[in-house]
Amino acid sequence: PNAEMERERAGALGFARDGQRVAAEQNREFRGHYYSRSWTIAGNNAQLLSLSAQQETFAGGAHGNRAFHALVWDRAANAPVRANDLLGSALLDALKPRFCAALNAERTRRRGAPVEREERIVDAFVDCPELGEVVLSPTSDEDNSGFERVMVLLPPYAVGSYAEGDYVIDLPLQPADLARIPERVRASFEPGRPLPPRPDDE
């Protein structure tokens, strides 16, 4: 993690210095750059520690950009693992229809119209991405307990326009889902209930 932090810091500084040089060559004002990545604990039990991060950057354009990251630390293996790999393809396949339904319901709520393909619309704004290709964060509602849900973390432009903001889709695990989780980590998971609506959802 420290090495990655230093790489990210060096990259951001280098990009900012390049932008400063180009601005000077073009005799225009340089707009300062910004980079931030904040990690939080999404869940923690005897076997697994789940972390998620939101990254914010600004590089002098019309607006800043955001991204998500997630990491699961496997204490038994003493190594990090992608949640997508930890959960296994059987669970991701089972979650896909629920994810797509929840995503399109949220798209409809934000856009005020059903999700339909239009002639000039970006495919990503109507398609449903594969769960193996997006950021997943196993989450527990209480510390030292099983992971009850999988949060799908989607930044602007991933599934909608910048104006639509982030999409964070909550997928509570159902009892039948537990059998689909690889046996080695299955004891770290349990069924969950949907989260209460956010104030802006009511």
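Leu131 touches Asn84, Leu92, Leu95, Lys96, Phe99, Leu136 and Val152, leaving aside residues up to four places away in sequence. This is a predicted model.

**The core**

Leu131 is among the residues with the most contacts inside the largest nonpolar core. That core has 27 residues. Helix α3 gives the most, with six residues.

**The disulfide**

A disulfide is a covalent bond between the sulfur atoms of two cysteines. This structure holds one. It joins Cys100 to Cys128, with 2.1 Å from S to S. The angle about the S-S bond is -95°, and the link is left-handed. Is Cys100 buried or exposed? Its relative accessibility is 16%, so Cys100 counts as buried; the cut-off for buried is under 20%.

**The sheet**

Strands of a sheet pair through backbone hydrogen bonds, either parallel or antiparallel. Here, an open sheet of four strands runs in the order β1-β2-β3-β4, with antiparallel pairing. The edge strands, β1 and β4, each pair on one side only. Neighbouring strands are turned by 30° against each other on average, direction ignored. Strands β3 and β4 pair over three bridges. Val81 in β4 is the bridge partner of Val72.

| β1 | 34–44 |
| β4 | 79–81 |

Key
Residues numbered from 1 in each chain as written. Predicted model: local features only at pLDDT ≥ 70, side-chain atom pairs only at ≥ 80, totals over all residues. Heavy atoms only, no water. Disulfide = S-S within 2.5 Å. Buried < 20%, exposed > 50% of the residue type's maximum accessible area, 1.4 Å probe, protein only. Core = buried A, V, L, I, M, F, W, Y, C linked by side-chain atoms within 4.5 Å. Helix = DSSP H or I, 4+ residues; strand = E, 2+ residues; numbered from the N terminus. Contact = heavy atoms within 4.5 Å. Pairing = 2+ DSSP bridges. Axes fitted to C-alpha atoms, helices over the stretch in contact; angles between N-to-C directions.
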